[in-house]
Every structure is written in structure tokens, then in C-alpha cells.
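Welcome, and thanks for taking a look at this chain with me.

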Amino acid sequence: MSLGDARDTAALRATAHPVRLRIMSLLTGAPMTAAEVARELGLTHANASYHLRNLHSAGMIVVAGEEKIRGGVAKRYRYDHANDRAAETPEQKRALFAALGSELVRRTAAGQFEAKILLGDGEFWIDRERWADLRGRFRELVAELHDAAQPPRSPGTVRTSTTVAMFEMQSGSAGDGGAE
């Protein structure tokens, strides 16, 4: 196995874990230390550190700085969505989508469904050029959401959930799992 393959496998393992998905979402809004991540997600410091090390070694998060805390040095990590390396092979992508599905189920427990929601779902047959245009626009909107993210509980903010999963499907008949 090459170094690149090992790193890709590490990226898959890193992103396919529900706690690590939550950490990456959290680190979009602000760089945080393991202690801050632990407090925010209700984890032990050791557990948060373990997951941060795995994400960092997989290249999914970066060290944004260090600071001295009580005689030690704490690293601040951040997630850079523009440098997302996750799910490069079809198998990795399937595993990531499954993990995102589980994460969406978890998030619904905190949903405020009396407020307005946006929900869209479907299997569509669409012109290839129009598909590329729409996918690009969604990519830009998701990047804008990441760029607008702020630290948890910042004054004037609202906690939201956004999951976008767009992919081409095999062209088999509906309901057959894609078989030709």
C-alpha cells in the first residue's frame, strides 16, 4: 500500500465516524482545542484528543495555532472545507454517505420542526449540462455556509443542520438498485 493509499484510507476512517463528523462541523466555525471540543460535544478530553489526532493524521483538519495553557501547550485545530480530501474512491464515497445519513438521523433529535424547514429529495433525470451547473451552484452555497459559520453559541446566531448529497446514479430502471 502506497503512502497516498494509506492516507486515503485514514481519511475514510476519519470521516466515517459520527463523532469525527461532528468535530469537523464544529471546527468549521472556529479553531478549537481538544478541551473546547470536549466541552462542546460532551466528550472526555482524552476522547476528543484521540479523534482530533485521527482527523489531523488523515489530513482532514489542520493545526491553526498553539497556545500555552497551565504550563502545557494546546493545539488549536480547524477544518478547512476548501481542502476536503474525504471520499476519493467509490467505496469511500458510499461509506461517507452512509455516515452522513446516520449523522442526519442524530441531528433530527435536536430539530426545531415548528420552525420553517427546507426539504428536497428526489431521483431526477436531468440534462448533463444543467446538472453540472446546478451542482456547481450548490457547491458554492455550501462553501458560503462554511465560510459564514461562527463559533458555537455566538450572539445572534442560530444552530442549523445542512446536509447536501448530490451524485449521479446508474441508469437502470427505478427500484432495481441500478441494474441494467
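Strand β1 (residues 62-69) and strand β2 (residues 72-78) pair in the antiparallel sense through seven bridges; strands pair if DSSP finds at least two bridges between them. One of these bridges joins Lys68 to Val73 in β2. Two residues separate β1 from β2 in this hairpin, and Arg70 in the turn has a positive phi of about 45°. As background, side chains in a regular strand alternate between the two faces of the sheet.

A word on provenance: this is a predicted model, in which local features need pLDDT of at least 70 and side-chain atom pairs count only at pLDDT 80 or more, while totals for chains, interfaces and linings use all residues. Residues are numbered from 1 along each chain as its sequence is written, and side-chain values use heavy atoms, with hydrogens and water left out.

Stepping back, the chain has six helices and two strands, taken as DSSP runs (helices H or I, at least four residues; strands E, at least two) and numbered from the N terminus. Their order along the sequence is α-α-α-α-β-β-α-α. Of the 180 residues, 27% count as buried, where buried means under 20% relative accessible area, exposed over 50% and partly exposed in between, with a 1.4 Å probe and protein chains only.

| α2 | residues 18-29 | Arg22, Ile23, Leu26 and Leu27 |

The crossing of α2 past α3 is right-handed. Contact here means heavy atoms within 4.5 Å. The residues in the contact of α2 with α3 divide into five nonpolar, no polar and two charged.

Which residues does Phe167 touch, not counting those up to four places away in sequence? Phe167 touches Phe97 and Trp131. Phe167 sits in the segment after α6 (128-148) and counts as partly exposed because its relative accessibility is 46%. From C-alpha to C-alpha, Phe167 and Arg135 are 8.9 Å apart in space, and they are 32 residues apart in sequence.

For the chain as a whole, residues 24 or more positions apart account for 60% of the contacts with a separation of 6 or more.

Key: Axes fitted to C-alpha atoms, helices over the stretch in contact; angles between N-to-C directions. Left-handed = near helix turned anticlockwise from the far one by under 90°. Nonpolar A, V, L, I, M, F, W, Y, C, P; charged D, E, K, R; others polar.
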